[in-house]
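Hi,

Here is the structure I promised to pass on. Could you look it over before we talk?

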Protein chains: 2
Amino acid sequence: MNIPKSNLPRVIIIGGGFAGIALAKKLKNKPVQVVLLDKHNYHTFQPLLYQVATGGLEAGSIAYPIRKVIHEHNDFYFRLCHVNEIDTKNNKIIADIGELSFDYLVIATGSKTNYFGNKEIERNSIAMKTIPQSLNIRSLILENFEQALLTNDVAERNSLINFVLVGGGPTGVELAGALAEMKNAILQKDYPDLDVSKMQINLVQSGDRILNTMSEKSSESAEKYLKKLGVNVLKNVRVTSYDGRTISTNTDLVLETATLIWTAGVQGAMVNGLPASALVEKVERIKVNEFNQVLGFENIFALGDIASMLTEEYPQGHPQVAQPAIQQGKLLGENLAKLLKKEKMKPFEYNDKGSMATIGRNKAVVDLPKYHFHGVFAWFVWMFVHLFSLIGFKNKAVVFLNWVYNYIRFDREGRLIIRPYKKKSFTSFTFDEF
Amino acid sequence: MNIPKSNLPRVIIIGGGFAGIALAKKLKNKPVQVVLLDKHNYHTFQPLLYQVATGGLEAGSIAYPIRKVIHEHNDFYFRLCHVNEIDTKNNKIIADIGELSFDYLVIATGSKTNYFGNKEIERNSIAMKTIPQSLNIRSLILENFEQALLTNDVAERNSLINFVLVGGGPTGVELAGALAEMKNAILQKDYPDLDVSKMQINLVQSGDRILNTMSEKSSESAEKYLKKLGVNVLKNVRVTSYDGRTISTNTDLVLETATLIWTAGVQGAMVNGLPASALVEKVERIKVNEFNQVLGFENIFALGDIASMLTEEYPQGHPQVAQPAIQQGKLLGENLAKLLKKEKMKPFEYNDKGSMATIGRNKAVVDLPKYHFHGVFAWFVWMFVHLFSLIGFKNKAVVFLNWVYNYIRFDREGRLIIRPYKKKSFTSFTFDEF
């Protein structure tokens, strides 16, 4: 890989997510050369992907060019690539654009959708972990509606406008709420020649409550809000198969749908090359100590979703959300500087700021360490926390204006099928025509 | 096709461009059933495509959902489809989603890129007539830069950052200017480890002046502005071949480039089924009389780019730009109402409001019927005319805010490679990974 040699030790960061970016910022003009690698040239603000999927925000509003983050950093390089392997013996990484040696390596590859080994569901469903996937969902919703207009077969039509979301975590809950808003405010108006009241939004949860990482009160409130919006919340139901038409479950329930959106779980986005002893099987995470050092290595670190740091409070590792990633990234920035000076590193302590989820246009549930609240005020809190977490003044301003507009007008303008999702489409379009 | 029967005569409009939308608006709640067909579910504001291509605006800012235009129209239907053929004998159209009979048919399919029969150039170049194409150009520019970082081969690197635009009309000129701004304001900062000064923007024009549909003064000013921005304006050069690496011309000039953007001409986007006698060969337009009636038919009309209405002032037909399309669409709305009442239709008279083009961040040339001006004031005029021509309050507001931001900050935030253009990429990504 074409990176100039430097007199400073080289830190390679794999991944420009919350952890990688937090670390990169901390390393600004520190006595290291930094090489940041990602397969996208932008940072994604994942908590708002569901708004891109439902046309409330444009993709550009929740993405930020990585090169802009590191504009003013000295001896800092970004490369767009996919890392295939880590060679721990020779301290180098092997990417599709070449090899590069490191003094320190930071693995911050995040997580990816977990289908728990079910290849059939993986093939026939759609996930929402990236911006292109969110745009695919947006196209798919609209394509389904356009297609529903073309058929006189009631079963087919109902299947096209039946949206099944599997997984009752924050992603599934927020997407279900936004879909319900879309149904009520947009689709009814846009499709006067279709009986939009027949549109179903089914949220399937394997456990006995949705948002099961939050308080029971939040679960209850969220379920109440969703039901009010017309979402069917199906608990204690585990999806066992989906052939693209019919969902079977571990109960008597069978759902006929053209669309299964899978938000039921994540696993680490693993990079090859680490010894099996350093890995947590099944969840695909990497064992790290309290300094985020990978088990068995002094110069290799893992951060965020991919890192499994076991503590008394978190015997399964920290939750795979933004906060632990950001906090670990920041701390490692300081610890690397200490390490270079042969000072003692500071162990990580997670400061749980709480968690929240929004449901529909103006409700949310918020769990703070000591308080719990829900409703419109919670939604305000949710809104401002997310707004201020976005990188960049312009993204903040554009998102805020969009939200104000969408709120006042009951509107979402992003209902454009820019890239059709159904390649083998119901029409004869080919991708190249677009 | 699944359209309810109506007691009113049915008007089918093929195409939701400037002409089709202007007509649709005029037909609101007139005593006709209207069926609007388009292969996209949005109207595209084509004059600003170059800003999407260069990251100044998001796609959603210059597109407008067609269904939103016709929200409050009675007996009005939209279908997303591709029309394959017109059956003039049986008064019906044949689309990929089925057939539909009409009482009146309006062909407003617009125009598409004209490669003048050169299949090799068509295969290896990229055009800018649609939003997906503009997004492809945006991705391609950034992908070229990322790729240029990976090579030590100077010739290859220079070829990757050499952008050749063929065609010196408004599209080529505006895109060249925006690319030059992008080079100066963005790429220099984003790629500190690349010698961005080596980036070339070559604008190739076959004739002896650019903007040859405008006044000579405008051509001169535009060329001066482009040169000041660092664009090479190559006149009296006709591109004869391009194999993806080397451009040959009818002169000694040879250009080595990875990117040819073809803006050299358009032709009508023809629909099959009309008799040859009604067509203008080569340019693929449809002969219409002063009421936009297709030659030989009373109930079939053609509007805008696809229509060739010969007048004394326009012996080759009207220019293929927005204004004639909008004016013809509006007039046909009135004339159809007259036709239904058996009243006399009004002949079309083109009201030439002038033409303009913008060059770079704050210059433009404007030709009004009686005046010509250029420079910063012309740019203000250009900006407000385009702003007010956009459909929808939100699009106006968002575009305006973006322009203010881009102007003040010398920035364009849309530098995200959301969908990579190079499918057989320099990396090993496959499309599905994104």
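Below is what I found, by topic.

This is a predicted model, where local features need pLDDT of at least 70, side-chain atom pairs count only at pLDDT 80 or more, and totals for chains, interfaces and linings use all residues. Residues are numbered from 1 along each chain as its sequence is written, chains are lettered from A and ligands numbered from 1 in the order in which they are written, and side-chain values use heavy atoms, with hydrogens and water left out.

Confidence first. Chain A has a mean pLDDT of 93, with 97% of its residues at 70 or more (pLDDT is the predictor's confidence in each residue, from 0 to 100). The stretch to watch is residues 424-434 of chain A, where the pLDDT is below 50; beyond near neighbours in sequence, the model still gives this stretch 27 contacts (contact means heavy atoms within 4.5 Å). Where pLDDT is low, the predicted coordinates should not be read in detail.

Next, the record. An unreviewed UniProt entry lists "domain: FAD/NAD(P)-binding" at residues 10-329 of chain A; UniProt positions are in the numbering used here, feature names are shortened, and annotations may be inferred rather than shown by experiment. In the model, that span is 28% helix and 26% strand, and its end C-alpha atoms lie 17 Å apart. Helices (H or I, at least four residues) and strands (E, at least two) are DSSP runs, numbered from the N terminus. UniProt, again from an unreviewed entry, also places a "transmembrane region" at residues 371-393 of chain A. Here the chain is 65% helix and 17% strand, with 30 Å between the end C-alpha atoms.

Now the rings. Over all chains there are 24 aromatic pairs (rings of Phe, Tyr and Trp, the last by its six-membered ring, with centres within 6.5 Å; planes under 30 degrees apart are stacked, over 60 edge-to-face, the rest tilted). One of them, A:Y314 with A:Y350, is edge-to-face, at 5.6 Å centre to centre and 65° between the planes. This pair links distant parts of the chain, 36 residues apart: A:Y314 is in the loop between β22 (307-308) and α9 (322-340), and A:Y350 in the loop between α9 and β23 (355-359), in chain A. Both A:Y314 and A:Y350 are buried (buried is under 20% relative accessible area, exposed over 50%, partly exposed in between; 1.4 Å probe, protein chains only).

Why does the pair A:W379 and A:Y407 count as stacked? Because the ring centres of A:W379 and A:Y407 are 5.3 Å apart and the planes are at 25°. A:W379 lies in helix α10 (residues 376-389) and A:Y407 in helix α11 (residues 393-409) of chain A, so the pair ties together parts 28 residues apart in sequence. A:W379 is buried at 9% relative accessible area, while A:Y407 is partly exposed at 31%. A:W379 and A:Y407 also belong to one aromatic cluster with A:F380, A:F384 and A:F388.

Last, chain B. B:V32 sits in the loop between α1 (18-26) and β2 (33-38) of chain B and is buried at 3% relative accessibility. Leaving aside neighbours within four places in sequence, B:V32 contacts B:L8, B:P9, B:V11, B:L27, B:D75 and B:L340.

Cheers
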